[in-house]
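Please read it with the model open beside you.

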Amino acid sequence: MKDLSREYLETLSSAELIRLADEYGVDIPDDLDRQFIIGDLLELADELESGERYQESVVLSDTGQIMNVNALPDSYNENRIDVILRNPASLFVWWDLSEDCLKELEEESGALHLCVNFFENGDDSKPSDSFEIKISDKERSRYVIIPFDKKFVRVDLFCDIDGREELLAFSRKIPLPVSSDLMTSRPGEKLKIPRAMELSGAADLLHEHYNEYRNSFF
C-alpha cells in the first residue's frame with residue numbers, strides 16, 4: 001500500500017488526476033494546471049488523514065487502485081438509544097453499550113430489555129401504556145410493531161442484574177401518526193383513498209404490510 005503522496009500523483013497523467021479528483025468529489029476546471037490539481041488532491045489527503053472527512057484514510061494499492069478505509073468505530077463506548085418511525089405501524093430502534101456495561105453484564109450474568117412507552121401528550125412524564133422486549137447483549141437494533149391508537153412513544157434501555165433494574169438510556173419522545181381508515185384496514189376492503197395516496201401505491205403498501213406483520217391487524 002502507498003499513501004496518496006505527491007510522488008505518486010506526479011506519475012499520473014492529467015486525465016488520471018482529473019479522474020481521481022472526480023471520484024473524491026473535487027471540482028476541477030478543464031483548463032486547470034496539473035500542479036494545481038495535485039495540490040488540491042494533497043489537501044484532500046491531509047483532510048482525510050486528520051479525520052475531517054468522516055475519518056477515512058486514503059490509500060492506493062500497488063496497482064494504483066483507490067481504496068478507502070473506513071475508520072468509523074463500531075461503538076462509541078457509551079450507553080445510548082434512539083428511535084425513528086419506520087412506517088405508521090413500526091419503529092426502528094438502535095442502541096449502543098459502553099465497554100464497562102458489557103463487562104458488568106458478562107461478569108454478573110445480567111440481562112437487557114427494552115421498554116416501549118406510550119404517552120397521551122408530548123409533555124407527559126408517565127406513560128399511559130408500555131410493554132417490554134427482551135434483547136441480547138449482541139443486538140444493536142430492533143424493529144418494533146406499535147399499536148395504531150397511540151400518540152407518542154419513547155423507548156428505554158434497561159439492564160437487569162441480580163434482580164436490580166437499572167435505566168441505561170432512553171430515546172427521545174416522538175409523535176405517532178394519527179389513526180386513519182387506511183392504517184386499520186385489511187387487504188380486500190373497499191376504501192375511499194385520496195387520489196394522491198392511490199398513485200403513491202398505498203394499496204400495495206397495505207398488502208405488503210399485512211403479509212409481513214399480520215399479527216398487528218388482530
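1. **Terms and basis.** Buried means under 20% relative accessible area, exposed means over 50%, and partly exposed is in between (1.4 Å probe, protein chains only). This is a predicted model: local features need pLDDT of at least 70, side-chain atom pairs count only at pLDDT 80 or more, and totals for chains, interfaces and linings use all residues. Residues are numbered from 1 along each chain as its sequence is written, and side-chain values use heavy atoms, with hydrogens and water left out.

2. **Salt bridge count.** A salt bridge here is a side-chain nitrogen of Lys or Arg within 4 Å of a carboxyl oxygen of Asp or Glu. The count comes to 9 salt bridges.

3. **Arg164 and Glu104.** These two form a salt bridge, with the closest N and O atoms 3.9 Å apart. Arg164 lies in strand 10 and Glu104 in helix 4 (residues 99-107), so the pair ties together parts that are 60 residues apart in sequence. Helices (H or I, at least four residues) and strands (E, at least two) are DSSP runs, numbered from the N terminus. Arg164 is partly exposed at 42% relative accessibility. Glu104 is also partly exposed, at 31%. A network of salt bridges links Glu104, Arg164 and Glu166.

4. **Arg172 and Asp82.** Their side chains meet in a salt bridge at 2.8 Å, N to O. The pair links distant parts of the chain, 90 residues apart. Arg172 sits in the loop between strand 10 (164-170) and strand 11 (174-175), while Asp82 is in strand 4 (residues 80-87). Arg172 is partly exposed, with a relative accessible area of 43%. Asp82 is buried, at 15%.

5. **Asp129 and Lys150.** Here the closest N and O atoms of the salt bridge are 3.2 Å apart. Asp129 lies in strand 7 and Lys150 in the loop between strand 8 and strand 9 (152-161), so parts 21 residues apart in sequence are tied together. Asp129 is partly exposed at 34%. Lys150 is buried at 15%.

6. **Cysteines.** How many disulfides are there? The count is 0 disulfides, where a disulfide is a pair of cysteine sulfur atoms within 2.5 Å. For Cys101, the closest cysteine sulfur is in Cys159, 5.2 Å away, so it is too far for a bond. Cys101 is buried, with a relative accessible area of 6%. Cys115 is buried as well, at 9%.

7. **Negative patch.** Glu106, Glu107, Glu108, Asp137 and Asp162 form a negative surface patch. Patch residues have over 30% relative accessible area and no salt bridge, and like charges are joined within 9 Å. Asp and Glu count as negative, and the place of the charge is CG of Asp or CD of Glu. Asp137 lies in the loop between strand 7 (129-135) and strand 8 (141-145). Asp137 is partly exposed, at 31% relative accessibility.

8. Most residues other than glycine have a negative phi. Which way does the phi of Asp162 go, positive or negative? The phi of Asp162 is positive, near 55 degrees. Asp162 lies in the loop between strand 9 and strand 10, and is exposed at 69%. Ser109 has a positive phi too, near 50 degrees. Ser109 is found in the loop between helix 4 and strand 6 (111-119). Ser109 is exposed, at 67% relative accessibility.

Definitions and conventions:
Patches are made of residues with over 30% relative accessible area and no salt bridge: like charges are joined within 9 Å, nonpolar side chains (Val, Leu, Ile, Met, Phe, Trp, Tyr) within 5 Å. Accessible areas come from the Shrake-Rupley method with a 1.4 Å probe; for residues, only the protein chains shown count as cover.
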